[in-house]
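This report walks through one structure, part by part. Keep the sequence and the 3D view at hand while you read.

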Amino acid sequence: MAKLKVLVAEFDTPAQIVEAAGAVADAGYRDFDAHTPFPIHGLDRAMKVPGSKLGWIVFAHGLFGGCFALWFQWWMSAVDYPMVIGGKPYFSYQAFVPITFALTILLSAFGTVFGMLFLNRLPRWSHPVLAHPDFRRSTDDKFFISIESTDPKFDANRTRALLEQIGGKRIALLESP
Amino acid sequence: MSTPNTIPEALLPTSVYEEEQLVHGGLNFHDVTEVVARPTEEKTPIAWYVAFALALGVLGIFGASILYLIWEGTGIWGLQQPVGWGWAIVNFVFWVGIGHAGTLISAILFLFRQKWRTSINRFAEAMTIFAVACALTFPGIHVGRIWFAYWMFPLPNQMGMWPNFRSPLLWDVFAVGTYGTVSILFWYVGLIPDLATLRDRAKTKARALIYGILSLGWRGSMRHWVHYEKAYLILAGISTPLVLSVHTIVSFDFAVSVVPGWHTTIFPPYFVAGAIFSGFAMVVTLMVVARQVFGFKDLVTLNHLEKMNKIILLTGTLVGYAYGMEFFIAWYSGNEYEAFAFVNRAFGPYAWAYWIMISCNVISPQFFWFKKMRRSIPVMFALSIFVNIGMWFERFVITMTLHRDFLPSSWGYYMPSIWDILTFIGSFGLFFTLFLLFLRFLPAIAIAEVKGVMPEADPHHGHGHHGEVRHAEHVEAH
């Protein structure tokens with residue numbers, strides 16, 4: 001597999017990055033990204049990033065959590081170890097609501113966090129953009145655009161020219177080690 | 001939406017104008033990073049070591065009391081009949097209650113788009129997690145023979161037995177366990193971008209490595225932020241019913257038992273209001289100190305503290321209403337045992353505790369009706385401590401209702417032993433040890449979130465009047 005190459009350019013303000021990312025998207029690039037210290041509203045639309053499908057993952061987890069909780073309470077209280085407690089039926093489902101609810105939430109939470117990490121392909125401790133000399137400021141006060149060599153339109157010279165044209169600074173071509 | 005907003009700022013109501021001013025002192029993005037990250041990077045101050053040593057000492061008392069309890073059994077506490085639930089349950093509910101503010105601030109205020117929460121949510125969430133850790137200790141050791149603590153979980157065992165799922169005490173295990181886990185997940189998700197900030201600022205290899213691993217290789221990618229923000233929204237959405245359910249289920253410990261003074265339907269909402277009340281009071285107590293020591297005054301402004309004090313006033317008054325309504329229903333029900341339980345609370349042997357509770361919880365927050373009081377640091381610090389004392393006594397009063405049951409021949413008076421007291425004091429050692437570690441090594445304010453609510457974060461900031469299309473787009477994106 002060819003080494004992953006990335007062109008990275010730096011920008012100063014949220015307004016610049018939104019405009020620049022929009023220009024890159026309009027130029028037809030697909031494998032590009034913006035790196036910002038905080039989520040910028042409107043940037044995802046400018047980049048034409050589709051909405052997150054995370055909700056479906058969470059829903060499946062929550063549904064499983066609730067069904068599983070209700071099932072094991074039924075099986076343990078009514079099938080495997082039936083005991084009459086307080087004269088109530090073996091399957092006294094009203095009393096099983098709190099635990100069913102708690103496990104629905106618990107599984108949903110696991111689904112949310114691990115689903116988010118899965119969709120983002122994290123953890124990933126090594127990425128060529130991290131090698132940009134100024135990239136440390138992407139978590140402080142600077143904004144970056146990266147275009148990856150996997151993009152069909154990627155061309156070291158022409159892509160660099162585009163980044164320069166839209167106002168990118170400190171443009172660097174980085175390679176995965 | 002069709003025309004850009006052209007109302008001059010001077011004509012806007014202050015509440016609208018204030019929203020733009022969440023960060024004071026003219027800080028820019030980099031300043032925010034500096035202010036929050038610096039305390040974790042500077043040489044550890046001597047005062048921190050002193051405080052940490054003190055906290056560790058108190059934690060040692062906690063450990064020793066628990067070891068002695070395990071060795072000797074729950075007889076070392078003042079437990080007897082009819083008060084079979086002593087300080088352990090009081091302390092448990094006290095700590096769980098405190099642990100409610102964090103998730104309330106991170107989840108419910110998030111859903112209500114209360115942007116001011118960003119300055120305090122990290123801090124309050126940390127407090128939540130540590131308070132829940134303290135809370136979970138008490139039922140864990142209260143079982144007496146703690147080597148059987150695993151009976152609380154539905155684990156397959158050689159006896160072929162399963163727990164009783166009709167018991168509120170078992171619901172508690174699941175509710176508080178879920179709450180603790182979800183709080184940690186929520187907290188950690190919020191921390192990821194800020195851990196990356198610390199990683200990128202690291203001056204030493206060790207820091208770069210540790211924060212690097214913990215931040216999971218976060219690179220601020222917008223494609224990641226889309227999933228991240230969705231995850232944050234969903235976590236807020238599922239935590240909101242959770243935070244309300246946890247103290248509801250804690251209140252079931254009392255309300256589901258057929259005991260006069262406990263068997264009431266007002267308990268769940270009343271416990272939830274009390275939990276938020278005590279949690280906010282604890283946040284104010286700690287925040288007043290922390291913003292002073294760490295220089296967070298531009299990020300946690302008097303406006304933030306005033307808003308918290310308003311919530312304290314609201315929830316304190318709700319709790320006062322619940323106290324009144326309990327009395328009314330005790331009389332209105334016509335049940336003589338119920339009536340006796342309440343008259344005995346207010347005028348019986350524990351009247352002193354009852355009136356401490358009323359003074360601290362109902363009377364003291366009323367000072368917050370006055371703007372001067374709400375914005376005075378010494379006043380809010382003192383009142384928040386009163387509230388915490390009052391909320392401990394609330395649980396004490398509820399638990400001690402047992403001391404005069406149906407048979408006068410078995411009436412008693414609960415006297416705590418020295419071990420009751422040391423275990424309770426010791427739990428503060430656990431809380432403050434964890435808290436000091438948090439303040440030393442993690443960003444105490446959510447850096448990325450604070451930046452996100454600054455006016456400079458808006459792509460249209462400083463551009464004056466944009467075209468209609470972009471404005472509409474912006475509104476929709478929100």
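## Domains and ground rules

Domain bounds here come from an automatic or database domain assignment. By that assignment, chain A is divided into domain 1 (5–52 + 126–175) and domain 2 (54–119). The centres of domain 1 of chain A and domain 2 of chain A, taken over C-alpha atoms, are separated by 44 Å.

This is a predicted model, in which local features need pLDDT of at least 70, side-chain atom pairs count only at pLDDT 80 or more, and totals for chains, interfaces and linings use all residues. Residues are numbered from 1 along each chain as its sequence is written, while chains are lettered from A and ligands numbered from 1 in the order in which they are written.

## The sheet of chain A

Some terms come first. Helices (H or I, at least four residues) and strands (E, at least two) are DSSP runs, numbered from the N terminus. Two strands pair if DSSP finds at least two bridges between them. Strands of a sheet pair through backbone hydrogen bonds, either parallel or antiparallel.

Chain A has an open sheet of four strands, in the order β2-β3-β1-β4, with antiparallel pairing. Its edge strands are β2 (32–35) and β4 (169–175) of chain A, and each pairs on one side only. On average, neighbouring strands of this sheet are turned by 20 degrees against each other, direction ignored. Axes are lines fitted to C-alpha atoms, for helices over the stretch in contact, and angles run from 0 to 180 degrees between N-to-C directions.

## Strand by strand

Take β1 (residues 5–11) of chain A. Antiparallel pairing joins β1(A) to β4(A) over five bridges. In β4(A), A:L173 is the bridge partner of A:L7, and A:A172 is the bridge partner of A:V8. Six bridges join β1(A) to β3(A), and these two run antiparallel. There, A:E10 stands opposite A:F144 in β3(A).

How much of β1(A) is buried? Six of its seven residues are. A residue is buried if 20 or more other C-beta atoms lie within 10 Å of its own, exposed if 12 or fewer, and partly exposed in between; C-beta atoms are placed from the backbone. Now turn to β2(A). It pairs with β3(A) in the antiparallel sense over four bridges. A:F32 has A:I147 as its bridge partner in β3(A). A:F32 and A:A34 point one way from β2(A), A:D33 and A:H35 point the other way, and all are buried.

## A helix and a core

Helix α1 (residues 14–26) of chain A lies across β1, β2 and β3 (143–148) of chain A. This helix runs at about 15 degrees to β3(A). Two residues are in contact if their C-beta atoms, placed from the backbone, lie within 7 Å. Leaving aside neighbours within four places in sequence, the contacts of A:I145 include A:A20, A:A21, A:V24, A:F32 and A:A34.

A nonpolar core is a set of buried Ala, Val, Leu, Ile, Met, Phe, Trp, Tyr and Cys residues joined through C-beta atoms within 7 Å. The largest one has 173 residues, and A:A21, A:I145, B:A135, B:F280 and B:V283 touch the most other members. The largest share of this core, 17 residues, comes from α9(B). Domain 1 and domain 2 of chain A each supply at least three residues.

## Where the chains touch

The contact takes 60 residues from chain A and 58 residues from chain B. On the side of chain B that touches chain A, the elements giving two or more residues include α2 (29–41), α7 (168–201) and α9 (222–255) of chain B. Which gives the most? α9(B) does, with 16 residues.

## Local details

The peptide bond from A:L122 to A:P123 is cis, with omega near -5 degrees. A:P123 sits in the loop between α4 (93–119) and β3 of chain A. A:R121 is found in the loop between α4 and β3 of chain A. A:R121 has a positive phi of about 55 degrees although it is not a glycine. A:R121 counts as exposed because it has 12 C-beta neighbours inside 10 Å.

In chain B, B:T44 is found in the loop between α2 and α3 (46–72). Is B:T44 buried or exposed? B:T44 counts as exposed, because it has 11 C-beta neighbours inside 10 Å. B:T44 and B:R440 are 396 residues apart in sequence, yet 7.8 Å apart in space, C-alpha to C-alpha.
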